[in-house]
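The following questions and answers concern the model shown below.

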Amino acid sequence: MVTKAENELLSRVTGDAPMGKMLRQHYWLPAVLSVRVKYGQAPTKVRLFGENFIAFRGEDGKVGFMEEACPHRGASLALGRVEGCAVQCLFHGWKISSDGHVVDVPNEPNRPAEFAKTVKVRAYPSREGAGIIWVWLGEGEAPPCPDFEWMDLPPEQVYSAGIELNANWLQGVEATIDSSHVALLHTSWTTTSATDFGATRENTAVNYEFEKKPYGFRAAALRAAPDGSCVARVTEFVMPYYGLIPPIFTGPKQDRIAIIAVPIDDENLIQWYIYYNPEKPVDSMKRTQRANQWPMAGGLPGDRSNNWGQNRDVMGAGNNSGFFEIVIEDFVVMVSMGPIVDRSKEYLCSSDQAIIRVRRMLLEEVKAFMAGKAPKSAQTPAMSYQGVRAVGGRLPSTSDDWRQIAA
Ligand code: FES
Ligand SMILES: [Fe+2]
């Protein structure tokens, strides 16, 4: 049971809210698709944790990531031009390099070069991986950038996409870690799948078992099947906002999926999907190309006023949800809770144990952070995410150990 005060502590991430400060200080985050930041184009606006930033690419290929407001008098640098390796403000022409130095102050008559040195601009550390620009928004020494196996895969083996949703970041995390909705919300998809994802429909009531890990935990959703076997789907929760879910597509060497719930502000998030395949080109890419865009590139099909575009006619014709894409089903239910769901009103059941664990872990970490300690789950140089993979499969019986399922 989460109190109203705990719910605030968990949800709020802007300004001096402790959760936001902890996330910014101790964890990197995916900020914007690499392809949206090109040399020769306008800077790209990025909003994170209630603050506005720009990302631009200099002629040397390096990314500049900094506050959107010009250090002079606050005009938006998104209006400016990128020249060489610097962005030039439209208003009075100040130029700021991608590494955060003011390199030209054309409206200053007195010793402009010396004056420029006195202006401090914070250029945030960034790196690129999985087609995404990752940034670190903390103060002081940056922790290591997460070394997930998808970070350095060739472009054809990883496909990333993100959607902005009107929901608090934790609703995104909770949607990802919750396996018990799979056979219910996604019924129309499970009935056409021959994998363990499809087999979830054999028993909609889930038992959970957990394994604690330095980075978070493994959550095994176990379903006793009518033939005595056990359908297992093991999700990885990696602090603070990563959920790696077992494959849902059919066939060998399936694509893997990581979902990351990144705060835009208190009431909005970007839900990132990284489809990756360590062994071959991703099929998800073909799927996306067929549709000519990721299913959610255009946003949700509706809003609260029309039940987010739910189609009751197709429901009557056998579709379970009235939505046409599996991810839309997830997004709509998440947004339908309202921008910050009141967790003090919930009635949690046994199959919500993974949700309870995520909240408990975040609350423990943020309380430690408020007491001046680094969160235990923060990545250190000694901690690697390389081997973290979500797995699924069918075990001979419910007494077999799900930890044996090979990645
Ligand atoms: S506000 Fe940017 S140069 Fe003056
Ligand atoms: Fe889902």
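Helices (H or I, at least four residues) and strands (E, at least two) are DSSP runs, numbered from the N terminus. The model is predicted: local features need pLDDT of at least 70, side-chain atom pairs count only at pLDDT 80 or more, and totals for chains, interfaces and linings use all residues. Residues are numbered from 1 along each chain as its sequence is written, and chains are lettered from A and ligands numbered from 1 in the order in which they are written.

Q: Is Asp352 buried, exposed or partly exposed?
A: A residue is buried with 20 or more other C-beta atoms (placed from the backbone) within 10 Å of its own, exposed with 12 or fewer, and partly exposed in between. Asp352 has 18 such atoms within 10 Å, so Asp352 is partly exposed.

Q: How are H4 and H11 oriented to each other?
A: H4 (169-177) and H11 (353-370) pack at an angle of about 140 degrees, with axes 9 Å apart. Axes are lines fitted to C-alpha atoms, for helices over the stretch in contact, and angles run from 0 to 180 degrees between N-to-C directions. Angles under 35 degrees count as roughly parallel, over 145 as roughly antiparallel, 65 to 115 as roughly perpendicular and the rest as oblique. H4 and H11 are therefore oblique.

Q: Which residues of H11 make the contact with H4?
A: Two residues are in contact if their C-beta atoms, placed from the backbone, lie within 7 Å. H4 contributes Val173, Glu174 and Ile177. The residues of H11 are Ala354, Ile355 and Val358.
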